[in-house]
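Thanks for coming, everyone. Please bring the model up on your screens, and I'll walk you through it.

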Amino acid sequence: MTRQDFFIKWGVYALALLPVWFCEVYILNRFPLFGVAPMLLPLAAIAVAVLEGTVAGAGFGLGVGILCDAVYFNPDGAMTLGLCLLGFGAGALAQYVLRQNLVGCLLCSLLALVCIDAVRILTRLLAGTAALPAMLSLAGREIAWSMVFVFPVYALFLWVFHRVPKKTVL
């Protein structure tokens, strides 16, 4: 793959991330369902990780994590490292254990959202700021509402995946 192909490929992925970011921040946050707004940016990172593999998933996860830390309220920089690790893990899981398809993306997305909310719950439990039943209820609703959007997010990035330059094997 040439340098120009590389920049085109990841530039198109970055452009595809813009409508996902726009929907999450400017549309879905205005209309919460059951008191929660979905998390779409982590789903985008996981979708690319499932399609592209471990290293690309970690790199894209790092970029999306930086965006998440800029967009989300009080993440303390955890999303940058977290999405990098989750992208690497989802890419490895989809590449070697599951398949690189919608079912693999659904399972990896569910696992990633559970990990993100588990870290959030643990930090709040250690700080003593909220009760466990309330946080579990909130996390369950957030994960369920976010999982609805795996389908359109995966479809968008699958469409991009089929149209960007691929790595050639020599």
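First, the ground rules. This is a predicted model, where local features need pLDDT of at least 70, side-chain atom pairs count only at pLDDT 80 or more, and totals for chains, interfaces and linings use all residues. Residues are numbered from 1 along each chain as its sequence is written, and side-chain values use heavy atoms, with hydrogens and water left out.

Start with the core. By nonpolar core I mean buried Ala, Val, Leu, Ile, Met, Phe, Trp, Tyr and Cys residues joined through side-chain atoms within 4.5 Å. Buried is under 20% relative accessible area, exposed is over 50%, and partly exposed is in between, with a 1.4 Å probe and protein chains only. The largest such core has 45 residues. Tyr13, Phe60, Val64 and Phe157 touch the most other members. H2 gives the largest share, 10 residues. Helices here are DSSP runs of H or I, at least four residues, numbered from the N terminus.

Zoom in on Val64. Leaving aside residues up to four places away in sequence, Val64 touches Leu17, Leu41, Ala45 and Leu83. Contact means heavy atoms within 4.5 Å.

Now charges. A salt bridge is a side-chain nitrogen of Lys or Arg within 4 Å of a carboxyl oxygen of Asp or Glu. How many does the whole structure hold? The search finds three.

Take Lys9 and Glu52. Their closest N and O atoms are 3.0 Å apart. The pair links distant parts of the chain, with Lys9 in H1 and Glu52 in H2, 43 residues apart. Lys9 is buried at 7% relative accessible area. Glu52 also counts as buried, at 18%.

Next, Arg120. Its side chain meets Asp117 in a salt bridge at 3.5 Å, N to O. Why about one helical turn between Arg120 and Asp117? Because they sit three residues apart in H5. Asp117 is buried at 4%, while Arg120 is partly exposed at 26%.

Arg120 also meets Glu142, at 3.2 Å, N to O. Glu142 lies in H6 and Arg120 in H5, so this pair ties together parts 22 residues apart in sequence. Glu142 is buried, at 12%. Through shared partners, Asp117, Arg120 and Glu142 join into one network.

Stay on H5. Its 26 residues should span 38 Å, and its end C-alpha atoms are 37 Å apart, which agrees. The expected span is 1.5 Å times one less than the number of residues. Buried residues in H5 include Gly104, Cys105, Cys108, Ser109 and Ala112. Their cover includes H2, H4, H6 and H7.

Last, the surface. Phe22, Tyr26, Ile27 and Phe31 form a nonpolar patch with about 420 Å² of accessible area together. Such patches take Val, Leu, Ile, Met, Phe, Trp or Tyr residues with over 30% relative accessible area and no salt bridge, their side chains joined within 5 Å. Areas are Shrake-Rupley with a 1.4 Å probe, and only the protein chains shown count as cover for residues. Tyr26 belongs to H1 and is partly exposed, at 39%.

Definitions and conventions:
Helix = DSSP H or I, 4+ residues; strand = E, 2+ residues; numbered from the N terminus. Patch = residues over 30% accessible without salt bridge, like charges linked within 9 Å, V, L, I, M, F, W, Y side chains within 5 Å.
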